[in-house]
Amino acid sequence: MSLKKFSELFVDLDSSNSTNNKIEVLKNYFFSNDPIDNSWAIYLLTGKSNKRFISGRYLKNLFSQIYEYPVWLIDTCYLKVGDSAEVITLLLKNKSTSRKKELSNISLNELLSKTIPDLSKLNEEEKNLQIKNIWERLPEDYHLIFNKILTGTFRVGVSIGLITKSISKLINIDEEIISHRLMGNFKPSIDSYEFLINKNINLEELNSKPFPFLLANTIEDKIFKNSINDFQFEWKYDGIRLQLIKRSGNISLWTRGQELVNESFPELVEKMSHIKDDFVLDGELLVWNFKEQIAFDFSLLQKRINRKSPTRSIQIKYPIIFIAYDLLEINGRDIREIKLENRRIELEKYFSKWQNKTENNISDIFKICDLIFPNDWPDALTYKEKSRENNTEGLIIKKKTSIYSSGRKKGIWWKYKVDPMQLDAVLIYAKGGSGRRAGLYTDYSFALWKDEELIKFASAYSGLTNFEIKELDKWIRKNTIEKFGPVRSLKPEMVFEISFEKIQISKRHKSGIAVRFPRITKWRKDKKINDADSLENAYELMKKI
Amino acid sequence: MRTKQEYLIRYKDGNLYCELADIWIDPSKPVKKALITHAHFDHFTFGCEEYISTKETAILLKERVGDNIKIKTFEYGEEFKINGINISFHPSGHILGSSQIRFMFAEEKWLISGDFKLQKDETCKQYEIVKTDYLISECTFGLPIFKWDESNKIANDISKWITNSPEKTSLLFCYSLGKAQRLLNEINNTNFKGKIYSHGSIHKMNNSYRELGIDIKNTIKIENKKKIDELKGSLILLPPSLSKGTYLKNFKNIQTAFASGWMSIRALRKRSGYDKGFAISDHADWDGILEVVKKSEAKNVFFHHGDSEAISKYLVEKESINVLFFGK
């Protein structure tokens with residue numbers, strides 16, 4: 001089976017907006033290809049690894065050198081295309097002098113397990129020559145895939161959910177099971193694919209894998225028609241969602257992004273190993289303010305995430321806690337199918353047992369989430385409004401009768417987030433977007449008043465409709481003061497409502513403040529720049545919380 | 001070196017203008033005398049006292065806007081004089097009737113490329129190489145990322161696209177004048193043997209082409225109420241203006257595509273909202289523009305329509321061509 005098939009798959013997936021179509025296309029692909037290529041295809045499509053073998057810049061320079069193209073011209077093309085791998089692919093068209101396409105039958109496996117990894121064994125000169133060789137010997141239709149894998153930018157609009165569905169259809173096994181098998185590390189191999197499509201449902205190998213996470217949907221009004229007693233209320237913490245697994249005595253911490261993070265949080269692994277039972281817990285990892293019993297800001301957690309084997313002093317400086325929401329498995333018994341309210345009873349029961357019977361004190365690193373008991377929906381709203389005081393993002397509302405299925409199932413769990421903070425700000429810079437937004441000015445910077453001066457305070461690129469983006473793009477082109485590379489400074493004229501989740505002091509920014517998740521929520525065409533907010537207003541917001 | 005005002009042709013109020021002949025080229029506002037390179041609406045405006053074009057362009061224009069305009073026509077290559085300036089139309093290969101316009105005055109030759117392409121297109125006259133001193137060229141696709149495939153390859157892709165989804169109705173969006181007829185002509189040579197429908201605006205142009213002696217495959221004019229089963233597996237050509245809005249609700253189980261040079265870029269393809277894009281254009285690609293610059297033997301080149309910066313810089317650096325700027 002060849003790269004050709006995968007290349008065709010890519011084109012098919014890329015030129016369809018229909019989910020059913022994509023599932024059908026994937027199913028047929030898996031059906032007609034061998035296990036090893038299938039495992040690589042899954043690996044690539046799910047973005048399990050986006051290892052960058054060489055940078056986009058390197059690729060551009062290499063092309064420039066081989067084909068004597070000025071680098072500035074390639075850069076100009078990039079502004080239009082938004083992806084180095086694609087620019088080079090387009091430029092490579094009709095460039096090859098070699099008639100023979102010796103690589104037309106190369107398999108996906110050979111390309112990914114040998115040809116590309118082998119590049120890193122070569123010195124620069126050999127590597128450049130080899131890439132040129134591949135370009136010339138590979139049929140043009142495959143150049144895009146090759147260049148994208150090379151630069152670690154292979155992406156196509158396929159979610160894990162679609163892969164799950166197509167495999168489930170292919171072998172006629174429940175999606176939940178496929179989804180479970182796909183969790184954790186997926187290493188491309190014949191074995192991993194055969195494991196995935198095994199008709200035998202109770203597979204030992206699943207022991208090393210977390211369950212598919214159940215996710216909450218954004219709140220819908222219709223929920224308020226239900227009785228408040230049908231629901232369980234929890235705070236929505238802003239940490240890392242984690243499954244804490246202890247099976248046969250082995251502990252593993254899996255993030256929602258399916259990364260194993262044991263090494264970053266050794267103190268948690270150590271403490272939990274003292275518990276006698278086996279279990280799977282769903283919960284949140286936070287850096288915890290033990291004095292006030294609230295979470296510290298997410299930025300402190302960031303100092304722990306990417307640090308493997310943290311020193312003792314780091315562990316003390318940024319003390320972590322695991323807050324369990326849910327118990328999914330206990331001593332080998334999968335309890336996801338029982339109702340949430342009953343799982344909660346089990347969770348509380350085991351927690352108190354562990355607290356009392358474990359030699360080591362575990363409560364300095366592990367607790368179960370407190371429940372909230374609003375009297376009615378307006379009361380729930382009051383709780384939600386209070387969430388900023390305890391550094392949470394709002395509420396999570398769970399149907400008491402819900403079973404723990406996977407994905408973003410409708411009508412089971414909701415997130416009820418606190419209303420964002422907002423400021424009206426002036427658009428002062430714009431930058432060309434990349435990828436899908438290439439060729440348009442889509443990355444914006446906004447400013448607030450400080451006396452007579454506009455000071456940049458946030459950048460945002462989401463929130464406008466495609467139509468608005470096009471309209472604004474036109475305006476930007478007509479109202480540019482200066483160009484600095486891809487950035488344009490603009491005539492201060494347009495006012496936008498910017499919403500964000502958090503605001504804090506920052507010495508790194510000229511404005512002195514930093515905001516989290518800024519996004520555009522309204523184009524305030526009704527406002528003049530003098531109506532925009534000042535930094536003073538931003539400081540006021542900070543005082544309020 | 002002459003000042004801008006001394007060029008035979010220059011930009012005035014955003015339009016190309018020849019002062020000595022007091023004549024405008026494709027003006028965007030009403031003027032006394034207008035030379036029209038071709039019958040696309042972005043090259044035509046109402047209200048001019050007199051239009052001058054090729055015979056085909058005149059017929060197509062009248063078909064589109066009515067008989068109420070005064071057009072004088074000339075054959076390709078036929079020279080006519082205005083205020084002592086010799087002017088002639090030459091095929092530009094863009095659409096039926098499209099032309100380059102050459103001006104000659106006191107031994108000096110100027111050539112306005114009009115919209116042009118070099119690719120094969122059986123629905124219009126092949127681009128003619130015209131030698132000139134000054135060239136004013138369009139550069140809509142003036143970046144090296146634009147390289148067109150042979151149009152029969154694109155037509156085969158379209159044919160495959162339709163036949164691979166026999167249960168669907170395939171809607172192909174394209175410009176009503178020129179592109180649609182070229183596609184029909186190319187698709188006729190593919191394996192696709194299903195029914196082809198076209199929107200009224202396209203249907204009308206097909207008829208005009210036929211009257212002008214171009215062999216265009218017969219298509220069925222699409223009526224508002226068609227049974228879904230009847231349309232299954234068939235191709236429908238529609239103008240891009242109908243791609244957004246309620247018109248599409250007339251159909252069920254569709255797949256959509258847009259035929260345009262811009263579709264060669266993935267980001268634009270994705271953003272366009274069509275399922276698929278076919279990169280086929282009636283404008284020259286990068287190599288096409290460079291070839292015309294070279295073969296015209298022009299010593300001075302101006303660019304307009306498009307991002308002219310890159311191609312200008314490239315020609316100056318690599319080919320030592322003198323690229324001039326009008327200033328607007």
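This is a predicted model: local features need pLDDT of at least 70, side-chain atom pairs count only at pLDDT 80 or more; totals for chains, interfaces and linings use all residues.
# A walk through a two-chain model

A:Asn331 sits in the loop that joins strand S7 (320-330) and strand S8 (333-334) of chain A. Is A:Asn331 buried or exposed? A:Asn331 has 11 other C-beta atoms within 10 Å. A residue counts as exposed at 12 or fewer, so A:Asn331 is exposed. Its backbone deserves a look too. The phi of A:Asn331 is near 45 degrees, a positive value in a residue other than glycine.

What does A:Asn331 touch, once its neighbours within four places in sequence are set aside? Its contacts are A:Asp277 and A:Asp278. Compare that with A:Ser227. A:Ser227 and A:Asn331 are 104 residues apart in sequence, and their C-alpha atoms are 35 Å apart in space.

A:Gln293 is another loop residue of chain A. A:Gln293 lies between strand S5 (279-289) and strand S6 (294-295) of chain A. Its phi is near 55 degrees, again a positive value in a residue that is not glycine. A:Gln293 counts as exposed because it has 11 C-beta neighbours inside 10 Å.

Helix H1 (residues 3-14) and helix H2 (residues 19-32) of chain A pack with their axes 10 Å apart, at an angle of about 170 degrees. That angle makes H1(A) roughly antiparallel to H2(A). Which residues make the contact? H1(A) brings A:Lys5, A:Leu9, A:Asp12 and A:Leu13. H2(A) answers with A:Lys22, A:Val25 and A:Tyr29. By class, this contact of H1(A) with H2(A) has four nonpolar residues, three charged residues and no polar ones.

Move along chain A to helix H5 (residues 71-81). Its buried residues are A:Leu73, A:Ile74, A:Thr76, A:Cys77, A:Tyr78, A:Lys80 and A:Val81. What do they pack against? In chain A, the partners are helix H4 (56-67) and helix H6 (84-92). In chain B, they are H6 and H8. Just after H5(A) comes A:Gly82, with a positive phi of about 80 degrees.

Leaving out residues up to four places away in sequence, A:Cys77 touches A:Val87 and A:Leu91 in chain A, and B:Leu143, B:Pro144 and B:Ile145 in chain B. A:Cys77 also belongs to the largest nonpolar core, which has 147 residues. Which members of that core touch the most other members? They are A:Ala41, A:Cys77, A:Val81, A:Val87 and B:Leu172. Apart from this core lies another, of 40 residues, among them A:Leu253, A:Ile321, A:Ala380 and A:Tyr416.

Next, look at where the chains meet. Here 16 residues of chain B are in contact with 21 residues of chain A. On the side of chain B, helix H6 (266-272) and H8 each give two or more residues. H6(B) gives the most, with five residues. The residues on this side of chain B divide into eight nonpolar, seven charged and one polar.

Chain B also holds an open sheet of seven strands. The order is S7-S8-S9-S10-S11-S18-S19, and the pairing is mixed. Where are the edges of this sheet? Strand S7 (80-82) and strand S19 (322-324) of chain B are the edge strands, each pairing on one side only. With direction ignored, neighbouring strands of the sheet are turned by 25 degrees against each other on average.

Take the pairs in turn. Strands pair through backbone hydrogen bonds, either parallel or antiparallel. Strand S8 (residues 85-91) and strand S9 (residues 99-105) of chain B pair in the antiparallel sense over six bridges. In this pair, B:His90 stands opposite B:Gln100 in S9(B). S9(B) also pairs with strand S10 (residues 108-112) of chain B, in the antiparallel sense over five bridges. There, B:Ile101 stands opposite B:Ile112 in S10(B). S9(B) and S10(B) form a hairpin with two residues between them. In its turn, B:Ala106 has a positive phi of about 45 degrees.

Finish with strand S18 (residues 300-304) of chain B. S18(B) and S19(B) pair in the parallel sense over three bridges. B:Asn300 stands opposite B:Asn322 in S19(B). Helix H8 (residues 308-319) of chain B packs on the sheet and touches S18 and S19 of chain B. The direction of H8(B) makes about 165 degrees with that of S18(B).

How values were computed: Residues are numbered from 1 along each chain as its sequence is written. Chains are lettered from A and ligands numbered from 1 in the order in which they are written. Axes are lines fitted to C-alpha atoms, for helices over the stretch in contact, and angles run from 0 to 180 degrees between N-to-C directions. Helices (H or I, at least four residues) and strands (E, at least two) are DSSP runs, numbered from the N terminus. Angles under 35 degrees count as roughly parallel, over 145 as roughly antiparallel, 65 to 115 as roughly perpendicular and the rest as oblique. Two residues are in contact if their C-beta atoms, placed from the backbone, lie within 7 Å. Ala, Val, Leu, Ile, Met, Phe, Trp, Tyr, Cys and Pro count as nonpolar, Asp, Glu, Lys and Arg as charged, and the others, Gly among them, as polar. Two strands pair if DSSP finds at least two bridges between them. A nonpolar core is a set of buried Ala, Val, Leu, Ile, Met, Phe, Trp, Tyr and Cys residues joined through C-beta atoms within 7 Å. A residue is buried if 20 or more other C-beta atoms lie within 10 Å of its own, exposed if 12 or fewer, and partly exposed in between; C-beta atoms are placed from the backbone.
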